[in-house]
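Trainee: I would like to learn how to read a model like this one, feature by feature. Could we look at it together?

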Amino acid sequence: MSISNDLRRAFERASLNREAKSILTARQWKTFQDITRVHDEQIQQEKRRYEDEFETRVEMARRRIINEAGRKNKDFKPRMLSRDALNKDDVNRQAVRDVQHAH
């Protein structure tokens, strides 16, 4: 998340709260606050779950990339002229990118 997105959400939340206070009755305001509290808790739970599973997802993506690179293809390349195209750092970066993009 970027700072601009967080700032935008904070201002949206503040304006929504201001508008809701002026329109809603006390009982409706309480219900509104309960709903927003539950929503915030669910967002935090999803963020924690993503962070907890991040390394596992990266490992799965890393294995997929290595498996795809190891597949036989129909291009003929003499062994002496080819080299191993797998670089550990490149594979790790690509795996992290894939996981972040899928999120």
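Trainee: In which helix is confidence lowest, and in which is it highest?

Mentor: The quantity to read is pLDDT, the predictor's confidence in each residue, on a scale from 0 to 100. In this protein the lowest confidence belongs to helix 1 (residues 3–23), with a mean of 84, and the highest to helix 2, at 90, while the protein averages 84 and 86% of the residues score at least 70. This is a predicted model, in which local features need pLDDT of at least 70 and side-chain atom pairs count only at pLDDT 80 or more, whereas totals for chains, interfaces and linings use all residues. Residues are numbered from 1 along each chain as its sequence is written, and side-chain values use heavy atoms, with hydrogens and water left out.

Trainee: How many helices and how many strands are there in the protein?

Mentor: Both are DSSP runs numbered from the N terminus, helices being H or I with at least four residues and strands being E with at least two. The protein has three helices and zero strands, and along the sequence its pattern reads α-α-α.

Trainee: At what angle do the axes of helix 1 and helix 2 cross?

Mentor: Two packed helices are described by the angle between their axes and by the distance between the axes. The axes are lines fitted to C-alpha atoms, for helices over the stretch in contact, and the angles run from 0 to 180 degrees between N-to-C directions. Here the axes of helix 1 and helix 2 come within 10 Å and cross at roughly 160°. That makes helix 1 roughly antiparallel to helix 2, since angles under 35 degrees count as roughly parallel, over 145 as roughly antiparallel, 65 to 115 as roughly perpendicular and the rest as oblique.

Trainee: How many aromatic pairs does the model hold?

Mentor: Rings of Phe, Tyr and Trp (its six-membered ring) pair if their centres lie within 6.5 Å, and planes under 30 degrees apart count as stacked, over 60 as edge-to-face and the rest as tilted. By this rule there are two aromatic pairs. In one of them, the ring centres of Tyr50 and Phe54 are 5.7 Å apart and the planes stand at 65°, so the pair is edge-to-face. Both residues lie in helix 2 (residues 26–70), four residues apart, which is about one turn of the helix.

Trainee: Is Tyr50 buried or exposed?

Mentor: Buried means under 20% relative accessible area, exposed over 50% and partly exposed in between (1.4 Å probe, protein chains only). Tyr50 is buried, with a value of 17%, and Phe54 also counts as buried, at 17%.
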